[in-house]
Amino acid sequence: MATTASDRSLPAEWAPQSGVMLTWPHARSDWVASLAQVEQVYLELARVICQREKLLVVCYDAAHQRHIQALLHPHVDLSRIVFSVHPSNDSWARDHGPITVMQQHQPRLLDFQFNGWGGKYAHDLDNRLTAALHHAGVFGRTPLEPLGLVLEGGSIESDGAGNLLTTRACLTHPGRNPQLSLDDIETRLKHTLGVDRILWLERGWLAGDDTDSHIDMLARFCNAHTIAYTSCTDPADEHFTELAAMEAELAALTRSNGEAYTLVALPI
């Protein structure tokens, strides 16, 4: 029996999209010590996003929304922003927000479980956020599919052509889906995301990384035949051995047609 949902596909990062979701930092999150500086970064994100597409801003509560609107008002056309109120633990929308697949040429939102990167951080509010936003009508009539699998958006990378790049360290971490084997996880990902191949990296590590080697900090598709990756050329650096081993793995990967990927090194 085929494991791929043939009527589904996981778009690449560069595929057309209708908008971007930001879960805005707040004083109850880990950003509290540097909130003023971080909000300036989010302000710039909002300004640039709104020049190109719609923006969804998730606010902790009504007072937080008023604060954000006052911050944005001189710099951004607020008519291009959808504000929604729902409390959150933190701001990592890439990991706790919905993952969009295309099914029969229509978007479908997948609501995977988010458990704070293997139970490291509070996550109860973040895990409920996608369903709450959908219930509030933020995503219109786009269907939402709740799933029992723990998965973060930053842990998977799609080329939009049926190939998924990820790391074994993250997806098989015992804090995420301990009841599932590697084969189980691969079968579920192929079926749920509509991918044909999963390219597993065994190596790759960054100091201080709480995500257990998310692929989005290690290697990314630039197009269907090019991968940019984090590299280290200093043997004295603590990252050297792992990143060199990852580089060798990437060099050994082949595309569906058997050709090697073009690799672009990004110095750490």
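User: Which element gives the largest share of the lining of the largest cavity?

Analyst: The largest share comes from E6, with 3 residues. A word on the basis: this is a predicted model, in which local features need pLDDT of at least 70 and side-chain atom pairs count only at pLDDT 80 or more, while totals for chains, interfaces and linings use all residues. Residues are numbered from 1 along each chain as its sequence is written, and side-chain values use heavy atoms, with hydrogens and water left out. Helices (H or I, at least four residues) and strands (E, at least two) are DSSP runs numbered from the N terminus.

User: How many cavities are there, and what lines the largest cavity?

Analyst: The search of the whole structure finds 1 cavity of 30 Å³ or more, and the largest cavity holds about 30 Å³ of space. Its lining is made up of Asp 95, His 96, Gly 97, Ile 99, Leu 110, Asp 111, Phe 112, Phe 114 and Leu 151, and H3 and E6 are the elements that give two or more residues to it. On a 1 Å grid over the protein atoms alone, a cavity is a set of points where a 1.4 Å probe fits but cannot get out, whereas a pocket is an open set with protein on both sides within 12 Å along at least five of seven lines; lining residues have an atom within 4 Å of a point. Grid points are joined across faces, edges and corners, and a volume is the space filled by probe spheres set on the points.

User: And the largest pocket, what space lies in it?

Analyst: About 1,800 Å³. There are 50 lining residues, and Gly 19, Met 21, Ala 93, Arg 94 and Pro 98 are the closest to the centre of the pocket. E2 gives the most to this lining, with 5 residues. By class the lining has 27 nonpolar, 13 polar and 10 charged residues, where Ala, Val, Leu, Ile, Met, Phe, Trp, Tyr, Cys and Pro count as nonpolar, Asp, Glu, Lys and Arg as charged, and the others, Gly among them, as polar.

User: Switching to packing: which residues touch the most other members of the largest nonpolar core?

Analyst: Leu 10, Phe 112, Leu 164, Leu 189 and Leu 193 do, in a core of 20 residues. H7 gives the most to this core, with 4 residues. Such a core is a set of buried Ala, Val, Leu, Ile, Met, Phe, Trp, Tyr and Cys residues joined through side-chain atoms within 4.5 Å, buried meaning under 20% relative accessible area, exposed over 50% and partly exposed in between (1.4 Å probe, protein chains only).

User: What does Leu 164 touch?

Analyst: Leaving out residues up to four places away in sequence, the partners of Leu 164 include Leu 10, Leu 189, Leu 193 and Val 195, with contact meaning heavy atoms within 4.5 Å. Val 195 lies in the loop between H7 and E10, and counts as buried at 1% relative accessibility.
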